Amino acid sequence: MICALASSVCFGAASVLQAMGARAAAPGTGGGVDVALMWRVLRQWRYLAGLGMDGLGFVLQIVALRTLPIYMVGAALAASLAVTAVIASRVLKARLSRVEWWAVAVVCAGLAMLALASGKEGHRDGSEALRWALLGISFGVLLLGVVGGRLTERPRALVLGLGAGFGFGVVEVAVRLIDGVDFADPVWYALLVGGGAAFVLLTSALQRGSVTTATAGAVLGETVGPAIVGVAWLGDRTREGLDWLAIVGFAVAVAGSLTLARFGEAPAPAPEPVAPS
């Protein structure tokens, strides 16, 4: 549980650090695509620190997925939006509405309910069919990206966000199924294809559409599906008699995260007040 929450904190803080680093980079000149932007961004220590936090968060996520039910880890990862919102409100002076502050509290309450109800991870290995299905889904994510990229702005952001969520979900399930290094196992290729496709789709969705819509789609895609797989095929369970509390906690945590979806990309700092002339 500690690893899942720590992973959430790492991802949430990384979003703010990367936003600060990107905005501190020297602006380009002229129009069009700035091919030198990444080089300038990588020279910002805050951006590099954010990448380091992402890496640490991923390691903690792997540890959590190997010791906790997938539904618990998925809800904790969605809660990184609450972490980003709180840090952005302090560091970037982003304004949170009263509803958003309540959403942060709701996310915390949902995670608390899940922590009380969560049992041990399941110990089923998953069938061979599930392993090949994951690989098929990972390539389906790529196809969804091709189709979604041709849509108009609002549906495009939602479809690409959902596709990214499905890809991240493939990663969550694949981590549970991996048992040693065996490159004949289709799960390894599902992990690589699904994770890579998810990153590309989410980046495209954030660049070419509504951040809120894209992030909401990603949250739904990476939480609901993997949680069902964990319970139905991998044996994830709750503590005896607390199924209802786990379901309520999961729904509450995800609903609160969706309310904070605009923090899928850390917001710009609030403008400084202009002194009267």
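This is a predicted model: local features need pLDDT of at least 70, side-chain atom pairs count only at pLDDT 80 or more; totals for chains, interfaces and linings use all residues.
Colleague: Why is the contact between R176 and D236 called a salt bridge?

Modeller: The closest N and O atoms of R176 and D236 are 3.1 Å apart, and the term requires a side-chain nitrogen of Lys or Arg within 4 Å of a carboxyl oxygen of Asp or Glu, so the pair qualifies. R176 lies in helix 8 and D236 in the loop between helix 10 and helix 11, 60 residues apart; helices here are DSSP runs (H or I, at least four residues), numbered from the N terminus. Residues are numbered from 1 along each chain as its sequence is written, and side-chain values use heavy atoms, with hydrogens and water left out.

Colleague: What makes R131 and D185 a pair that ties together separate parts of the chain?

Modeller: Their side chains meet in a salt bridge at 2.7 Å, N to O. R131 belongs to helix 7 and D185 to the loop between helix 8 and helix 9, so the pair joins parts 54 residues apart in sequence.

Colleague: How do you know whether D185 is buried or exposed?

Modeller: D185 has a relative accessible area of 12%. Buried means under 20%, exposed over 50% and partly exposed in between (1.4 Å probe, protein chains only), so D185 is buried.

Notes: Helices (H or I, at least four residues) and strands (E, at least two) are DSSP runs, numbered from the N terminus.
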